[in-house]
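These are my notebook entries on one structure, written down in the order in which I looked things up.

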Amino acid sequence: TGKRFPHIWQLLDAWSLCTNYIVPVPRPSTVLMHSAITLENALGRGSFGEVFKAKYMAKGATEAIEVAAKRLIGDAKRPQLQDFCNEASVMALLDHRNVVAFYGFAPLQTPLILVMELVPGGDLKKYLKNTPGIPNKQIVLFALDISSGMNHLASRKVIHRDLAARNCLITKDLRVKISDFGLSVNETEVTVKNLRKAPIRWLAPETLTKGIFNQKTDVWAYGVLVTELMIRCAHDPLHPRDLKNVAKWIKDSDHPHRIEDGEPRELAEIVDACCEKSISSRLDFQAVKKRVAKIHQ
Ligand code: ADP
Ligand code: MG
């Protein structure tokens with residue numbers, strides 16, 4: 001007698017024990033039931049997951065809300081499960097208008113589902129490539145939005161590790177939100193031995209030589225993203241070099257991302273200051289945001 005139904009938190013612990021891996025479980029308040037989520041059409045897919053437009057029926061609500069639901073592939077193995085749980089727990093730390101909002105995580109059935117804000121404009125890379133005549137003023141606003149979002153990540157001690165135009169989403173009123181926290185960590189710095197999953201063209205020289213990721217390597221990736229904005233994603237960064245030559249170029253050149261084409265030209269100084277080889281002279285996101293705000297005026 002008196003034995004209460006186990007709290008959801010204990011259930012999650014039990015679940016992670018039986019599946020034999022340690023899950024950095026998101027906050028209990030963010031645990032959702034699969035039955036409350038109705039998947040609709042696919043919005044995009046990656047290597048281990050697929051993102052759907054979906055409806056979410058909150059407990060006690062009379063109407064379902066539109067959301068985006070990222071579903072892990074059905075036969076995911078331990079590393080993918082762990083990465084996916086990590087993605088949810090990092091998103092749960094963030095709350096900013098330029099970061100995709102996290103709504104919750106459904107971990108009690110497979111495939112696991114992560115529920116987030118629906119950003120209907122799709123990814124920034126596709127938008128830049130397919131929209132002719134984007135004015136320079138709009139490009140600077142995109143750069144400003146991304147720097148604000150990244151400054152928030154830095155303030156919450158989150159390293160993104162995969163910042164690029166393909167991982168930013170665009171709203172109907174043309175504001176940008178940072179997304180895809182699949183590689184992100186809640187640390188000041190991490191060192192990895194293997195760069196296999198890393199986006200080589202966006203990597204800083206110290207990442208290529210020592211495997212380091214921190215706020216300053218995110219700032220470097222931001223500089224590369226600004227070049228993507230300036231050329232409207234007409235080609236990959238450092239095109240036409242192939243992947244093998246790219247790493248050598250980033251390590252050897254004084255200003256590997258300096259470009260002669262691309263607009264507006266005012267952003268070229270941001271690229272230089274972000275893709276600065278001396279780490280101590282490289283800007284942090286607070287300084288980046290200030291500099292871009294000045295250009296936007
Ligand atoms: P992956 O880790 O597989 O790269 P992403 O998180 O980048 O997955 O999502 C893949 C694609 O799904 C994106 O490029 C985008 O088109 C779509 N997508 C992701 N999240 C959302 C969202 N919140 N709203 C709308 N579309 C999204
Ligand atoms: Mg992605």
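This is a predicted model: local features need pLDDT of at least 70, side-chain atom pairs count only at pLDDT 80 or more; totals for chains, interfaces and linings use all residues.

**Entry 1, a bridge.** I looked up alanine 106 and found that its bridge partner is isoleucine 113 in E5. Strand E4 (102–106) and strand E5 (residues 113–116) pair in the antiparallel sense over 4 bridges; two strands pair if DSSP finds at least two bridges between them. Helices (H or I, at least four residues) and strands (E, at least two) are DSSP runs, numbered from the N terminus.

Residues are numbered from 1 along each chain as its sequence is written, and chains are lettered from A and ligands numbered from 1 in the order in which they are written.

I followed the strands across and found 5 of them in an open sheet, ordered E1-E2-E3-E5-E4, with antiparallel pairing. E1 and E4 stand at the edges with a single partner strand each, so one side of each has no neighbour in the sheet. From one strand to the next the twist averages 30°; angles run from 0 to 180 degrees between N-to-C directions, and axes are lines fitted to C-alpha atoms, for helices over the stretch in contact.

Which way does H4 run relative to H6? The axes of H4 (residues 136–155) and H6 (residues 215–230) come within 11 Å and cross at roughly 165°, and the two helices are therefore roughly antiparallel, a label for angles over 145 degrees. I then turned to H9 (residues 285–296), whose axis comes within 9 Å of that of H4 and crosses at roughly 160°, so that H4 and H9 are roughly antiparallel as well. The contact of H4 with H9 divides into 11 nonpolar, 5 polar and 1 charged residues, where Ala, Val, Leu, Ile, Met, Phe, Trp, Tyr, Cys and Pro count as nonpolar, Asp, Glu, Lys and Arg as charged, and the others, Gly among them, as polar.

Which residues come nearest to ligand 1? Of the 19 around it, they are Gly44, Gly46, Val51, Ala68 and Asp180, a residue being near if its C-beta atom, placed from the backbone, lies within 6 Å. Strands E1 (37–45) and E2 (49–56) each supply at least two residues of this shell, which I recorded as 8 nonpolar, 8 polar and 3 charged.

Key. Angles under 35 degrees count as roughly parallel, over 145 as roughly antiparallel, 65 to 115 as roughly perpendicular and the rest as oblique.
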